[in-house]
Every structure is written in structure tokens, then in C-alpha cells.
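Look at the sequence and the model first, then read on.

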Amino acid sequence: MSTDKKIRIWFNRSFAVGYHYIQAVRNNEDGLQFEIYGSHRDPEHVSLLSCDYTEVEPVLTGDEYAEYCLDFCRRHEIEVFVPRWGMRYVVAAAEQFAQMGVKLVCCTNAQLLDEIEDKGNFFRSADEQQLMVVPEYEVVHTAEQFKAAYERIEAKGLRVCFKPTRMEGGVGFRVINNESDPLEDLFSTVSARVTFDHVYRTLSSVETFPELMVMELLEGPEYSIDCLASPEGELLAAIPRRKNGGRSRLLEHNEELLAIAARVASFYRIPYNYNLQLIYQGDTPKALEINPRMSGGLHMSCLTGINFPYLAVKMALGYPVEVQQPEYGLLTTYVEQPLVMQREHTEQPQA
């Protein structure tokens, strides 16, 4: 498959782990050559170190950001675009990218994205289709609704937490803990614990607020399932990755979770890379969320022998990819890697 022509590929604003995913594409097993473009609002972001060409992104959202992306692809004759930030803006302009000949490595079904990125929509859909067990939950947007949901779930003997229906990376997640000591909290590590009274008073200060999901706190083992699917949504690989304490992650052959991944793939037909998150409550794995993009821990799942980022790009370019045979049973971890970002050249004194 090796070719002398370099394929122009662009990774827009990403997290630090984007560095690993770009490297995985560059150092692919087929010898396919890429000219890699990267952009970020932070000109010193680590992900840009793995790129051949970099650009500082302007502060834009919505249609303006989509237009910036289209213009970037025109200016640099981009052939493949792997969007991370602003995916829904990019997807809204999917037809324009297609007309330019740009392959988008993401789910381009805007309706599906809305269904799975909104946690309330996802829970309703997963429950109705019996894809997996969902926690006790209610979606609220007033203080009184919050109070009623809290009391109903607590009455079942469950601890209660809440989070925005649209969030990423744990932003806005809080755990109700009425035994919290304000003075002790002040002198300890910052935590997500809050009292019901504090939350209720705060929410009562406004008539309505952006939707919150009030739900039972799931307290068992937590799993991320990294999935790879064809452009048509056929599941090609699924790696249950268990948080094992500290930085260690167990890449586990878990039939129960693999069956859930298969049901999710069959129903939603999400293409390329995506991630399911579940937490056990007792013996039952319960849904947490679904992310239609590469996860923050995908580089550890790549240790199973599957180059998740590259294989998605490979399929977007039209090459076939077979069902993968991962090596399960790996206990993994990660360490920081020092990198030189810039070297100042100063004249050395003459001897």
C-alpha cells in the first residue's frame, strides 16, 4: 500500500493525547505517507509537535468555525480531516466538505450525533432499545424538579449525583453529600462533593437553567469501551478498558461488555472511532455516556495491536479493514514524556 505521494491530513484542536493519535497515523503499519497539518488556539499545544504544518485557530464557534474549517481545507488542499473540537459545526457543513473532496473521519449524521451526545437523549434511546441498563435518572431544568428528582432517587437508598446533559470530560459533575464539612473541604483536595441545600439554593436563584441530569451515583468498576467501526457502522473491534486504580488500566476480555458494544454498534451504526462508558452498580453494568470520537485513553487500547486512529483514516480513504483480533488481558499504564518544544540558538563564546 506504500505510496510516494503524501496524503494531506488535518487534525484540528485536540487534547494533549492528540499527539499520540497523530503519531499513530504517521507511523502506520502500511507505510502510507502523510503530510500532517495541525491547528489549535494554543500555539504551544503539545499535539502540534507531531505535525508538519501548524496554525493558530481563531476564536470562533458555530457557522463561523465551520467556514474557517472549509477555508483551511481549501488553502491547504486537505484530503482527510479528523475533527475533534467543534465536530457538530463541521458535520453541519458535511456536504460542502464532500463537494471539496475532503474525507471527514467522524460521524456525519447530525441527527444521530444529537441523539448520542445529549445524555438525556442517549439514556432514553438506550433504555427504549434495551441496548444496556441505564441508571435511575431524571432530566430537570428548575429547582423544584431538581428537588423532586433528588428525593425520589434518594428514597430508593441510592446516592445521588448530577451533571449537565451536554458536557465533556467531567465538567459540571457533582456528587450530593450532605455530611460534607465545609471547613474540612476547605483544607482538603478540591472535590466534586456538594450538599443538597447548597445546590438547591443556587438553582432556586433562577427560574430555569440548562438541563441537568440527576441520577444515581454508580460506585462499582468503571469501564471505557473503545470501538472501531467501518464507515457503515460494522463493529470491527471493541476493547473494554477498566480503571484499575491510579494510572493502570486493564484491557479486558469481558463478554458482557462486548455484547453491549455489539448491540450499540448494530443499532446506532456509528462509524470510525467511538467510546462507550459504563460503571457497574453491583453486578450490573449501567450506561454512563457515549462519545462519537477518539477517547482520552485510546492510546492504551492501541497496545492490543490495533492502530485505532490510523485504521479509521485508512477506511475513510477507501481501503478495506477486516475485523480485528486484539490481544486482551493487558495491564497497562502511561508516563509523561519530556519533549523539546523549541531550541534557542545562541552564539557560543569563542575559545
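Leucine 49 lies in the loop between strand E2 (34-40) and strand E3 (53-56); helices (H or I, at least four residues) and strands (E, at least two) are DSSP runs, numbered from the N terminus. The model is predicted: local features need pLDDT of at least 70 and side-chain atom pairs count only at pLDDT 80 or more, while totals for chains, interfaces and linings use all residues. Residues are numbered from 1 along each chain as its sequence is written, and side-chain values use heavy atoms, with hydrogens and water left out.

Leucine 49 is partly exposed, with a relative accessible area of 34%. Here buried means under 20% relative accessible area, exposed means over 50%, and partly exposed is in between (1.4 Å probe, protein chains only).

## Helix H12

Among the buried residues are Phe308, Tyr310 and Lys314.

At the start of H12, a side-chain oxygen of asparagine 307 comes to within 3.2 Å of the backbone nitrogen of tyrosine 310. Just after H12, glycine 318 has a positive phi of about 100 degrees.

## A sheet of 5 strands

An open sheet with mixed pairing has its 5 strands in the order E6-E10-E7-E8-E9. Its edge strands, E6 (137-140) and E9 (193-194), each pair on one side only. Two strands pair if DSSP finds at least two bridges between them.

Strands E7 (residues 160-164) and E10 (residues 212-216) pair in the antiparallel sense over 5 bridges. Phenylalanine 162 stands opposite valine 214 in E10.

Technical notes:
Polar contact = N/O pair within 3.5 Å; in protein donor to acceptor, adjacent residues only side chain to side chain.
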